[in-house]
Each structure stands twice: as C-alpha cells, then as structure tokens.
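Biologist: I am new to this structure and would be grateful for a guided introduction. May we begin once it is on view?

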Amino acid sequence: MKIFLRPKLVNPFIPGELGYRSVEPDILLTNDRGENSPKDRISIEVQHEDNNSLFKDRLVLYVARLTNNMVKQGEVPQLENLHVVSFQFFDAFAKSPNYRHTVQLRNQEQEVYFDRQTVTLVEVAKFLKNAKDYVGDNCRLAQWLRAIDTLNREADFSEFANDPVFKVLQNEVKLCNFSSRYLMTVDMSDFDRAVAEYSTKMDIAKKMLEQGKLSVTEISAVTGLPEAKIRDLK
C-alpha cells in the first residue's frame with residue numbers, strides 16, 4: 001500500500017451545530033494514505049491559560065466536533081485517524097515528571113479501545129522551566145521546543161542551523177523583521193523569495209560593515225534594512 005507522508009494545510013473552520021459556537025483549531029492538516037486507508041487529520045492547538053480547567057471541556061469539544069465533521073449526511077460513518085496535539089503553557093499533570101502525555105480511550109486493563117483517536121498534551125512551560133531534567137531527551141518534539149524557545153529569546157541558533165527543517169523555521173521567523181513598507185512591496189505569496197531577498201540584504205550589509213567604509217545609517221539607506229538590525233551584525 002502506498003502511503004503519502006506530505007500533510008496538507010486545510011481550512012481549520014469546523015461548523016458548529018445550531019446553538020453552539022463553531023470550532024476552529026489553530027492549525028489543521030490532512031494526510032492522504034490511499035483509497036483503502038482512512039485519512040489522517042492533525043489538529044494543532046496552542047493554549048496559554050487554563051482558566052479553571054475550562055480548557056479540558058474545550059479540548060473534548062474539539063475532538064467531538066472534528067470527529068462529527070468526518071461523517072457526511074446519508075453516508076455510512078467511517079471515521080478517519082484523528083491526532084490532536086495541544087501545546088499548553090500550564091501544567092496539565094502537575095505531579096507528573098513527564099511533559100508529554102498521550103490520551104486515548106482505554107479500558108481498566110489499559111487496553112486501547114479505539115486507536116484512531118489520539119490527543120497529545122505537551123506541557124511547554126514545564127519543559128522549559130525544567131530544561132535540565134530533559135537535557136538527555138533528544139526526541140523530535142524536544143528539539144522543536146528548544147528551537148522555538150531559542151528563536152523566541154533571539155539566542156544563538158547555531159545549534160539548529162544544520163537541520164534543514166529548523167533552517168526553514170529560522171528563515172520564516174526572519175519575516176517578522178521586515179518593515180511594514182517592505183511587506184507592502186514584496187509578493188508575500190512567495191515566502192521563499194521574500195526570505196532569500198532579506199537574507200541577501202543582510203549579507204550585503206554585513207560585508208559593508210566589514211569593509212568599514214560606510215556608516216550604519218548609510219548602509220541602512222542602501223539596503224533598506226533597519227539600523228538596529230545592521231548594528232546587530234557587528
């Protein structure tokens with residue numbers, strides 16, 4: 001059986017029932033595994049506040065809405081694989097030493113009853129606060145959390161620079177450094193080209209600094225880059 005491993009972004013809007021609010025995950029992807037296999041749906045959530053455990057109710061509602069949306073009216077119910085990944089900035093299991101938790105329907109013997117639905121809770125704050133406890137954890141999720149935290153702190157990213165995926169992540173973050181005027185003039189439907197243009201300007205500015213013939217203000221005028229960004233290259 002041919003398996004396709006290129007998840008596609010889809011519209012995250014999930015219509016709600018009459019009288020209920022609609023559900024809209026932060027990111028929703030689908031992965032086609034072929035005609036004879038159920039598709040994957042991957043829903044990614046980011047939640048900053050627990051709000052007196054209200055999020056537990058919301059999370060269960062998300063799962064129910066996403067599941068209900070798989071069934072078309074008049075057709076025999078055939079559910080797809082559902083993976084809900086929730087990045088939480090509060091402790092879901094305060095007493096647990098783990099920052100990653102897998103939730104599935106199980107019986108009292110811990111046997112999985114329905115294996116096509118999985119909720120993964122990621123306690124981001126716990127992982128970052130107790131980083132020394134997870135220093136030996138080199139799973140992909142841990143690497144992602146470290147890489148994103150490094151970018152958020154604007155710290156040295158060289159540790160991740162050789163990873164092609166994290167290199168793309170770093171380049172995408174560079175878009176945040178564009179001035180609003182630059183964003184209005186660039187075709188933002190082509191992110192790769194925009195990032196390449198920005199990187200080229202940064203390289204030119206760095207070489208100008210090394211030559212020492214122009215001031216930061218003059219380099220800014222030539223490249224269109226903010227003076228603060230040019231100073232950071234020193």
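Biologist: Which residue in strand 3 is the bridge partner of Asn31?

Modeller: This is a predicted model, in which local features need pLDDT of at least 70, side-chain atom pairs count only at 80 or more, and totals for chains, interfaces and linings use all residues. Residues are numbered from 1 along each chain as its sequence is written, and side-chain values use heavy atoms, without hydrogens or water. Strands are DSSP runs of E of at least two residues, numbered from the N terminus; strand 2 covers residues 27–31. The partner of Asn31 in strand 3 is Asp40.

Biologist: How many bridges join strand 2 to strand 3?

Modeller: Two strands pair if DSSP finds at least two bridges between them. Strand 2 and strand 3 run antiparallel, and the bridges that join them number five.

Biologist: Which residue of strand 4 stands opposite Ile44?

Modeller: Strand 4 spans residues 81–88 and pairs with strand 3 in the parallel sense, over eight bridges. In strand 4, the residue opposite Ile44 is Val85.

Biologist: How many of the eight residues of strand 3 are buried?

Modeller: Strand 3 comprises residues 40–47 and is mostly covered. Counting a residue as buried under 20% relative accessible area (1.4 Å probe, protein chains only), the number in strand 3 is six.

How values were computed: Buried < 20%, exposed > 50% of the residue type's maximum accessible area, 1.4 Å probe, protein only. Helix = DSSP H or I, 4+ residues; strand = E, 2+ residues; numbered from the N terminus.
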